[in-house]
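Hello,

Here is the structure I promised to pass on. Please open it first, then read my notes below.

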Amino acid sequence: MMIQDIEPKHLYNAYHPDWTARPEDSVLMYEEGEVFCVPGETLCFPTVQSLGLSKGDCRYLFSVEEQRFYLHAPRNTEKLERCSLRTLRENGVLPREMLFAVYTGRHLADWYRDTVFCGRCGQRMTHSQTERAMTCTCGYTAYPRIMPAVIVGVKDGNRLLLTRYRKGYNRNALVAGFTEIGETL
């Protein structure tokens, strides 16, 4: 799913460390490839209020329109008895913008989980107070991984440039590639 797939809704992923979770804000929680949901006629996510969370219990992720999403890593499942775990595939019944939120939240949840310790010196990292990053006392800063794909159609009149990517693959394709962190287009 791509960002344009949630149109006319908009994703706002600017980092807001000063935002305090409101009672009605949605909470995303993941466990082994599944997300906690509140079952019912319409599938939804638990709220800050329904889980009885406080300011320090969750981390702001992003907003879809006015709906804010926070990440919470539950230490126990006491407060989650009214929630059910759903695989990411089972969430296909969600509106597109909520499905996009589930996958975007999962990307960030996995990054936070995997960025506890510094890859340079091994010390515990702390969350930056100014940007979405994890910092270490050794000076290293880690940002979420972003690897956008690029595909283009190069035309010359009514002709289209096609490429062959590797030996043994006898099909042609459009010009495509990936931009890694630190590379320019």
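Which residues do ring pairs link into a cluster? They are Trp19, Tyr60 and Tyr70.

Before the rest, two notes on the source. This is a predicted model, so local features need pLDDT of at least 70 and side-chain atom pairs count only at pLDDT 80 or more, while totals for chains, interfaces and linings use all residues. Residues are numbered from 1 along each chain as its sequence is written, and side-chain values use heavy atoms, with hydrogens and water left out.

**Aromatic pairs**

A search of the whole structure gives 5 aromatic pairs. Rings of Phe, Tyr and Trp (its six-membered ring) pair if their centres lie within 6.5 Å; planes under 30 degrees apart count as stacked, over 60 as edge-to-face and the rest as tilted. Phe45 and Phe69 have ring centres 6.2 Å apart and planes at 75°, so this pair is edge-to-face. Phe45 sits in the loop between β4 (34-37) and α1 (48-51), and Phe69 in strand β6 (residues 67-71), 24 residues apart. Helices (H or I, at least four residues) and strands (E, at least two) are DSSP runs, numbered from the N terminus.

Tyr60 and Tyr70 are also edge-to-face, at 5.5 Å centre to centre and 70° between the planes. Tyr60 lies in strand β5 (residues 59-64) and Tyr70 in strand β6, so the pair ties together parts 10 residues apart in sequence.

Phe45 and Phe69 are buried. So are Tyr60 and Tyr70. Buried means under 20% relative accessible area, exposed over 50%, partly exposed in between (1.4 Å probe, protein chains only).

**Charges over rings**

The charged end of Arg68 sits over the ring of Trp19, 3.8 Å from its centre. Arg59 places its charged end over the ring of Tyr112, 4.2 Å from the centre. The test is NZ of Lys or CZ of Arg within 6 Å of the ring centre and within 35 degrees of the ring normal.

**Cores**

A nonpolar core is a set of buried Ala, Val, Leu, Ile, Met, Phe, Trp, Tyr and Cys residues joined through side-chain atoms within 4.5 Å. The largest has 26 residues, and Phe45, Phe62 and Phe69 have the most contacts inside it. β4, β5, β6 and α2 (96-114) each supply at least two residues of this core. Its largest share, 8 residues, comes from α2. A second, separate core has 12 residues, including Tyr70 and Leu80.

Best wishes
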